[in-house]
Amino acid sequence: MNRIAIATPVDESVIRSLKVGDEVAISGTLFTGRDAVHKYLYQGGKLPPGVSLNGGILYHCGPVVIKDEHGNWKCTAAGPTTSIREEPYQWQIIRDFGLRGVIGKGGMADKTLAACREHGCAYLHAIGGAAQVLAESIKRVPHVYLMDEFGAPEAIWEFEVAGFPAVVTMDANGNSLHKEVFAASQAELAKHL
Amino acid sequence: MTALQDSLLELIRRTSVEIPEDVHQAILRSLEQEKKGTIAESAMKIIDQNIALAKNKSQPICQDTGSIIFYVDCPVGFDQLAFEDAAREAVKIATKKGFLRQNSVDSVSGKNDGTNVGPGSPTIHFHQHRSPELRVRLVLKGGGCENVGAQYSLPNEKLKADRDLDGCRKAILDAVLQAQGKGCGPGILGICIGGDRATGYEFSKQQLLRKLDDRNENADLNRLEEDVVETANKLGIGPMGFGGRTTLLGAKIGVLNRLPASYFVSVSYMCWAYRRQGVALGADGKIGNWLY
């Protein structure tokens, strides 16, 4: 299957054209943010200087990052974390920071789906557990932010990526693969009880 | 470093970067079975690539290197305190080397001291046996799959689940439905029928030490294990919850006695990145053979 190439910063029109089931390959800059970052931003915390999410893509990820022999950050494992924990916060962060994409795993629920539709954002599902394949597409780790406050897995890491693979599972037109699969599997299970 | 620390470090490294052979075979079968050209097949291909890449680069299969759970079978009179010290030291070194993520957080202050050593980390279960052999098995269980574990108290009116094996089946399949793809499926279930709320979950995790291709000695439970996997794979949840043919790679059921008043069904969900390994150690602390 051909992957649709997406580069950051992303135009709204590009995001609006994506459909559930599309496979994408992302290039440009990703910022990570997970539980601590979402709670912090939702409660009015400011983005650190140097971090812009406008037109950007936020990655739900707590990577393994080490310093190489030259003192540069090197990401050695970087799969997605479960996104549903950010459901209480995500809608507001999409609205206030101009996000065009959220990468994670497991999908999100109605508040996020509504925010995606209203503000032009898509949920991009990376393969959970595929930490090595995904780390291969991270070419450089220029910066880390809020490391002291939140610790390494919860910090905001800046990743330069090329060809980062993901699948659109919630699009900007109100469709969610997760809702479809849940409904279908629930109906199927009823036949086997 | 002592020989024991060295051996435990190698056990941690190998557990984090390599998938056991029985699990790898099940993943390859699932890749075969998914319909060509679907996102489910695409997911399984990436999983397969990831397994090879992690092993070749000696880097973690998954960045969430999980709860660190040791199961130690030891001779009578074995020095458990010395083992605990060695295990903690091996965990610290494995974390510095990047085989484990800085993954242990103070639950009140939110601080992560970056060592992976603290209350409850690592967890070590000792079991004495009348043999001179020392066997150490390790499970690294990620948080995403741990979060979709579930415990049911039967009867459950909503599920129409009574206190019998059919009621257990309903509870287990409900856990699969609720988990969808959030636990990084295709998954493997460790299940305990009975026990109390603590021992039930603990024993459900111990079922994950069993090989996927073994058989339950109890014929009824063996049938239930097979039925759960077969039925789950008809639900169309699929890899990552993308829809597809493989939702579960296995289900293993253990049983504990219960109180007359209690009837718990505890389900631990393990992700496809099923990190489980074990070693038999000689008296010198060196690795004799691998257990999986």
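In what follows, axes are lines fitted to C-alpha atoms, for helices over the stretch in contact, with angles running from 0 to 180 degrees between N-to-C directions. Helices (H or I, at least four residues) and strands (E, at least two) are DSSP runs, numbered from the N terminus. The model is a predicted one, in which local features need pLDDT of at least 70 and side-chain atom pairs count only at pLDDT 80 or more, while totals for chains, interfaces and linings use all residues. Residues are numbered from 1 along each chain as its sequence is written, and chains are lettered from A and ligands numbered from 1 in the order in which they are written.

Helix α2(A), residues 35–42, and helix α3(A), residues 87–97, have axes that come within 9 Å and cross at roughly 60°. α2(A) is therefore oblique to α3(A), where angles under 35 degrees count as roughly parallel, over 145 as roughly antiparallel, 65 to 115 as roughly perpendicular and the rest as oblique. The crossing of α2(A) past α3(A) is left-handed, a term for a near helix turned anticlockwise from the far one by less than a right angle. On the α2(A) side, H38(A), K39(A), L41(A) and Y42(A) meet Y89(A), Q90(A), Q92(A) and I93(A) of α3(A); residues are in contact if their C-beta atoms, placed from the backbone, lie within 7 Å. By class, this contact of α2(A) with α3(A) has 4 nonpolar, 3 polar and 1 charged residues. Here Ala, Val, Leu, Ile, Met, Phe, Trp, Tyr, Cys and Pro count as nonpolar, Asp, Glu, Lys and Arg as charged, and the others, Gly among them, as polar.

Attention now turns to the strands. Strand β9(A), residues 156–170, is mostly covered, with 11 of its 15 residues buried (20 or more other C-beta atoms within 10 Å of a residue's own, C-beta atoms being placed from the backbone). Strands pair if DSSP finds at least two bridges between them. β2(A), residues 23–32, runs antiparallel to β9(A) and is joined to it by 8 bridges; G28(A) has V161(A) as its bridge partner in β9(A). V161(A) is also the β9(A) bridge partner of I138(A), and β8(A), residues 138–145, is joined to β9(A) by 5 bridges in an antiparallel arrangement. β7(A), residues 122–125, pairs with β9(A) in the antiparallel sense over 3 bridges, and M170(A) in β9(A) is the bridge partner of Y123(A).

Finally, the two chains meet, with 42 residues of chain A in contact with 45 residues of chain B. α3(B) gives the most to the chain B side, with 10 residues.

Notes:
Buried ≥ 20, exposed ≤ 12 C-beta atoms within 10 Å, placed from the backbone.
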